[in-house]
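Work through the exercises below with the sequence and the coordinates open beside you. Each task is followed by a solution that goes step by step.

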Amino acid sequence: MTEFLVTLLGERLVNSERAEVDVQELGGRLSVLGLFFGCSLSAPCRQFNGSLRDFYCKFKKASERREELEIVFVSSDQDQKRWQEFLQEMPWLALHIKDKHKKMKLWNKYRVTSIPFLVFVDAATGKAVCRNGLLVVQDDPKGLEFPWRPKPFAEVVAGPLLRKDGHVTDSSSLDGSYVGVYFSAHWCPPCRSLTRALVQSYHRLREAGHQLEVVFVSADRSEDSFMQYLSEMPWVAVPYADKARRSRLNRLYGIQGIPTLILLDTDGRVITRQGRAEVLSDPNCWRFPWHPRPVLDLSESNAAQLHEGPCLVLFVDAEEEAELEPARELLRPIAEKILANHKAKGEEPPLLFFVAGEDDMSDSLRDYTNLPEAAPLLTILDMSARAKFVRDVEEVTAAVAEQFVSDFLAEKLTPEPI
C-alpha cells in the first residue's frame, strides 16, 4: 500500500504548519483516502472546508476506525500565501502547492470538473470508493457508514417510485429492464431541453420493444416544481420527499452537475455515464443501449467531455460523416486497447479519443486552443491543465498515433500552453 500511496501522492506532503510529512507514515491501518480538491478563493470551498473539518475531527475523535481514514488537500490556488493561510484551517495534510504536475494527474485521474470536490478512494488501489464526498459529509456526519463503498443500484433505489398520475410502483418493477437514472431539475434550461429529447427516445425505444425505464432523481428546489416537471415525463421518479434516497443515488454515481443521464444494463451495471450525449447525438436510437464507443466524432453534444480529462483529437480534412471513417479506423485499435486495459482494473481511461472534420465545432476548438489549420493534425488536449500536445506530420499513420499516445502516457511529451 505504501508504494502505491507514494506513486499517487509523491514522497512528501505538508501539514498546516508547512512541515513535511513522509507519505509512508500514512500506511499501517489506512484503508480510505479522501482527496479534497479546492481553492482558497472559492467561497463554496471555504464553506465546505468548515463542514469537512467538523466531520473529520468528530470521526477522528469518536470512530473506532479513526486510523483507517485520512484526507489530503489538493489545491487549485496560484498564490502561495493564500494557500498557506487556507491550509492553517485544515487538520489534515496537503499536496504542496508547487507540485502542479501531481495535482493535474490527480485532477484528471478522478475526473474533477468543479470544486469543491471530495472523492474517497481505496488506499491500496486508488480506485474511487465514493465520488461525491460532499454528500457523505452532509448525510453521514458521524461517519457511521464508513467506508462508504458503493452498493448495488437495486439496493440504493429500493422503495416506492412515483408516476405523474400519482400511481405508485415498487422499484422491483425495474428488474430485468435497462434503466436510465436521470438527474435533472425544472429550473435548469439544459435539463428541460434534454428532457424533451429523452421523452422522444423513451417512446421510440419502448415502441420498438426494448425493456427500458427511466428513473427521475430531482434536484428541484420545491415539491411544486418537481410535480410540474414530472408532469412532462412518461417515466417514474423517486418521490421528492424522499431526500435521503435521492441523495444516496447522487452519492452512488458521483453526480457533479445536471443534467446527467446514466444508463444501466439489465443487471444494474453502468453501461455509460454519457447518456445525455448519446440521446442528443442518436435521436433515432440506432446505437441503443449506447455502449461506449472507443472513438467519438466531435460534436456539440459530446464536446463537454473535452473538459473531463485529456483527449486525443485527430483533425482531418472531411466535411461528411462518412469521410471520417478512415480516421476512426486508424484510432480504434489504440483506443480499444486502452479502454480494455483500464476497464479490467476498474479504472477510468486516461485518454478519450475523438476525430474532428471540417465544421464550426472543429473551427471553434482550433481557435480556443490556438491550433494550426493543418489537416491531418494529431493533438492531445488537456483543458484542465490548459495544455496541449501537437504532432504535426504530413501523414498520420497508426504507428505515428500509437507512438504519440505511448509517449504521452509515459510523460515524455512537452506540453504547450493553451
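A polar contact is a pair of N or O atoms within 3.5 Å, where within protein one atom must be able to donate a hydrogen and the other to accept it, and where residues adjacent in sequence count only if both atoms are side-chain atoms. Helices (H or I, at least four residues) and strands (E, at least two) are DSSP runs, numbered from the N terminus. This is a predicted model, in which local features need pLDDT of at least 70 and side-chain atom pairs count only at pLDDT 80 or more, while totals for chains, interfaces and linings use all residues. Residues are numbered from 1 along each chain as its sequence is written, and side-chain values use heavy atoms, with hydrogens and water left out.

**Exercise 1.** Determine which residue caps the N-terminal end of α12, and which residues of this helix are buried.

*Solution.* Next, apply the accessibility classes: buried means under 20% relative accessible area, exposed over 50%, and partly exposed in between (1.4 Å probe, protein chains only). In α12, which spans residues 360-369, the buried residues are Ser362, Leu365, Arg366 and Thr369. Viewed down the helix axis, these fall within an arc of 100° (taken from the directions from the axis to the C-beta atoms), so they line one face of α12. Asp360 and Asp367, on the other side, are exposed. The cover over the buried residues includes β16 (311-315), β17 (352-356), β18 (377-382) and β19 (387-391), contact meaning heavy atoms within 4.5 Å. Finally, α12 is followed by Asn370, whose phi is positive, near 55°.

**Exercise 2.** Describe the surroundings of Thr169: is this residue buried or exposed, and with which residues is it in contact, leaving aside neighbours within four places in sequence?

*Solution.* First locate Thr169, which belongs to strand β9 (residues 168-170). With a relative accessible area of 19%, Thr169 is buried. Its side chain and that of Ser173 are joined by a polar contact of 3.4 Å. Beyond four places in sequence, Thr169 touches Gly159, Pro160, Leu161 and Val236.
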